[in-house]
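Colleague: Could you walk me through reading a helix and its charged pairs? I'd like the general idea and then the case at hand.

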Amino acid sequence: MSAIRARRRSLEGRAAVFAALGDETRLSLLGKLCGGQRQSISQLAGGSSLTRQAITKHLRVLEGAGVVQSARVGRESLFELRPEPLKDVRAYLDRVSGQWDQALARLKSFVER
């Protein structure tokens, strides 16, 4: 795979994570999964005014972004957090933040001359 393709794929993956995190229901679901235990749709829907069907749609978006994964156990689907994509996005944000800090330092140095 060429470097350009690999970079594009990486950016698309990050964009999918950001899009998935851009919804308060999905953020709430991730919060419930942060404990490290797999949970069923019924467990995740507990305390929510949303239907299990709506919760399932949100979980599928998170799964499509690679942030959660599901496994069938009997008749239930159990979901768990996959932290790797979140770690990748965090590293990306740290890198971009560092670039902005450097740019602002250069601007400050230029202005104070």
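This is a predicted model: local features need pLDDT of at least 70, side-chain atom pairs count only at pLDDT 80 or more; totals for chains, interfaces and linings use all residues.

Colleague: Which residues of helix 4 are buried?

Modeller: Buried means under 20% relative accessible area, exposed over 50%, and partly exposed in between (1.4 Å probe, protein chains only). Helices (H or I, at least four residues) and strands (E, at least two) are DSSP runs, numbered from the N terminus. In helix 4 the buried ones are Ile55, His58, Leu59 and Leu62. They fall within an arc of 100° seen down the axis (directions from the helix axis to the C-beta atoms), so they line one face of the helix. On the other side, Gln53, Lys57 and Gly64 are exposed.

Colleague: How many salt bridges does the structure hold?

Modeller: Count a side-chain nitrogen of Lys or Arg within 4 Å of a carboxyl oxygen of Asp or Glu; that gives five. One of them joins Glu63 to Arg60, with the closest N and O atoms 2.7 Å apart.

Colleague: Why are Glu63 and Arg60 separated by about one helical turn?

Modeller: An α-helix has 3.6 residues a turn, so residues three or four places apart point the same way. Glu63 and Arg60 are three residues apart in helix 4. Glu63 is partly exposed at 25%, and Arg60 is too, at 38%.

Terms used. Residues are numbered from 1 along each chain as its sequence is written. Side-chain values use heavy atoms; hydrogens and water are left out.
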